[in-house]
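Here are my notes on this one, written as numbered points. Have the picture open while you read.

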Amino acid sequence: MDVISEFFSEYDGLQAFRTTIYLTLLSAVLALLIGTVVAVMRVSPVRVLQVIGTAYVNIVRNTPLTLVIVFCNLGLFLQLGVALANKDSNTFINDNNFRLAVVGLSVYHASFVAEAIRSGVNTVPLGQAEAARAIGLPFLKTLRYVVLPQAFRGAIAPLGNVLIALTKNSTVASVIGVTEASAVMKVMMENRPDVIFVVFGIFAIGFVILTLPVGVLFTSMSKRLAVKR
Amino acid sequence: MSSSSVLFDAPGPRAKRLYAAVGVGSIVVLLLILWFVIDKFNAKDQLTAAKWKPFLTGEIWTQYLIPGLVGTLIAAAISVVFAMLVGVLLGVGRLSTQAWVRWPSSVIVEFFRAVPVLLMMLFTYALYANYEVFPPERLALAAVVTGLTLYNGSVVAELVRSGVYSLPKGQGEAAMAIGLTSGKSMRLILLPQAITAMLPAIVGQLVVILKDTALGYIITYEELLRKAEQIGNFTSNLLPALIVVGAIFVIVNYLLSLAAQRVERMMRRRGRSAGGPLTADPTDQNAAIGAFAGAGASDTVDTN
C-alpha cells in the first residue's frame, strides 16, 4: 500500500483536497451573493430587471461549465488581459488561475442558486406576502423582512444540492491549471499506471467524504429549520 | 412561481413612476456594462471583421463547427442510451425485495452520484489506455461515454425510484391482488407508468448530458469546445470562436429544455400514468435530486 503513503507524502494529496475545498467555499459564497441578487431581480416588479435575471439564468445554465472556465482563462485573461492577481508576484500564475476559476464557478453556479431561491420563494404561502403588503410594506421590505427569510429556509435542500454539485464541479478548474484533486489524480495515474484502481479509489473516497456529510447536514437542516406552518 | 405579482400591489401612479425610473436606471447600467465590454474587446482588436468573418465562410462550419457538434451529439446520444439501460436496471435493483440485490444497487448509485464525472472520465481513460480496451482513436469517446453513463445512470436510477414511489399505492396492491409476482408487478404495472412519469425529467437530463460532453475537452475528445480552440489556432480568433460555440450550446440546450416542458404539458393533459409527471431542472449535474424532492409538484424548480 505504498501508493497511499505516496498520496500523502510525494503528491501532497491533502493539499490538493484543501485547494478543492477553498475553491468550493469561495465560489459558494460568491455564487450565493450573485444568485440572491438574480433571484430578487426575477421576482421584482420592474420588467427590465425580470428580463435581465431570466436571461442570465437561461444563458448561464445552458452553457457547459468547462466552456465557462476555459473562457475565463483563454478569453478573459489571455485575450482580454483581465488579471486578478498581482502581476509581479512569484505566484502570479497560480493565484490568477485560482481566482479566474472561482469567478467561473461562481458565475455558473449563481444561476442554480437563483433557481433554488426562487423555488424557496414558491414555498412561502401567499398569505405571508399579502399580509406584508396589507401592513403597508413596500416591495423590498416585503422581501427582506417577510419573504426572503422564509424562502431561504425553504430553499435549504436545493441549496445543499447546489453546494454538492459545486464541490464536484470544482474539479473542472484543473482545465486551467489549478492543482486541485482531479489534477493531482491525473498526474498520479500517469506516474503509476500499475495501480490506477487504488488511485481512483483514494480520490473517489475523498469526494465521498466531502459530499456525503454536506448532503446529510443540509437534509437535517432543511427539516430542522423548516418554517412551521 | 405561481405569479410573482403576489409580492407587490398593482402599482399606483407613484409606484409606476418609481418602477419606470428603476427600469431606466437598470437599462443605463446594462448599457454601461455593455459599453465597457465592447470597449475592452475593441482595445484588444477583438471586434474587427477579420476575427468574425470566418464564421460566415462555409469552411469553418464544415471543417470545425459541424464535426464538433456531431462529436458532441454522438457522445451525448450513446451516453443517453446506456444511461437509460443502466439507470432502469439500478433503479429496479434498488426497489427489489431481495436485500442482496437492493444493497449493492444502492451503494453503486450513491457512489457514482458522489464522485465527479471528470474523475470517472480521467480514470476510465487511463484504464482503457493501459489495458488497450479500445483502439486509440476511440479512447476519448469511450471514456466520455463511460463517465457520463455511470453518473447519469445513477441519476436515472433515482428517477426510476422516485417515479415508482410517486405512483399511488393501489397500483402495486392491485397487481398483488390479481396474483402477479413482485417482479411481474414491477415489469408490467409499475415500471411502464413510472417511466412515463419520468419522461420530462429524462428529457431534462439530456441537457445535463449534452453539457457534460464538454468535459471531454479535458481528455482530448473532439467535441465543440475542442473545435473552438482549433478554430482559434487556425484563424487566430479564439475569443469569437468560444462565443460562437457557447451560443450553439445555449441554443441546442434551450431547445431541449423547451422540449422537456412540452413533454411535461402533454403528459399532464393525457394523464396515462397514475402518478403526476416528474419534473427536473433541465440543467446541471444533479438534476434528479430536484426531481425526487419535488416528485409530482410541477413547479418545484430544484436545481442542480
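1. Start with E132(B), which is found in the loop between α5 and α6 (139-166) of chain B. (Helices here are DSSP runs of H or I of at least four residues, strands are runs of E of at least two, and both are numbered from the N terminus.) Phi of E132(B) is near 45°, a positive value in a residue other than glycine. Is E132(B) buried or exposed? It counts as exposed, with 9 C-beta neighbours inside 10 Å. The cut-offs: 20 or more other C-beta atoms within 10 Å of a residue's own is buried, 12 or fewer is exposed, in between is partly exposed, and the C-beta atoms are placed from the backbone.

2. D45(B) also deserves a look: it is not a glycine, yet its phi is positive, about 60°. You'll find D45(B) in the loop between α1 and α2 (49-52) of chain B. D45(B) is exposed, with 10 other C-beta atoms within 10 Å.

3. Some ground rules before going on. This is a predicted model, in which local features need pLDDT of at least 70 and side-chain atom pairs count only at pLDDT 80 or more, while totals for chains, interfaces and linings use all residues. Residues are numbered from 1 along each chain as its sequence is written, and chains are lettered from A and ligands numbered from 1 in the order in which they are written.

4. How far can you trust it? The model scores ipTM 0.91 and pTM 0.88. Chain B averages a pLDDT (the predictor's confidence in each residue, from 0 to 100) of 85, and 87% of its residues score at least 70. Be careful with residues 281-304 of chain B, where pLDDT stays under 50, although the model has 101 contacts for them beyond four places in sequence. A contact means that the C-beta atoms of two residues, placed from the backbone, lie within 7 Å. Where pLDDT is low, the predicted coordinates should not be read in detail.

5. Now the interface: 57 residues of chain B are in contact with 61 residues of chain A. Several helices of chain B each supply at least two residues to its side, among them α1 (13-43), α8 (182-212) and α10 (238-270). Which one gives the largest share? That is α10(B), with nine residues. By class, this side of chain B has 35 nonpolar, 14 polar and eight charged residues. (Ala, Val, Leu, Ile, Met, Phe, Trp, Tyr, Cys and Pro count as nonpolar, Asp, Glu, Lys and Arg as charged, and the others, Gly among them, as polar.)

6. Chain A has ten helices and zero strands. Of its 229 residues, 52% count as buried. Helix α9 (residues 181-191) of chain A is mostly covered, with eight of its eleven residues buried. Among the buried ones are V184(A), M185(A) and K186(A). The cover includes α2 (13-43) and α10 (196-224) of chain A, together with α5 of chain B.

7. Last, a helix pair: α8 (residues 156-169) of chain A and α10(A) pack at an angle of about 170°, with their axes 8 Å apart. That makes α8(A) roughly antiparallel to α10(A). (Angles under 35 degrees count as roughly parallel, over 145 as roughly antiparallel, 65 to 115 as roughly perpendicular and the rest as oblique; axes are lines fitted to C-alpha atoms, for helices over the stretch in contact, and angles run from 0 to 180 degrees between N-to-C directions.) The contact of α8(A) with α10(A) has nine nonpolar, six polar and one charged residues.
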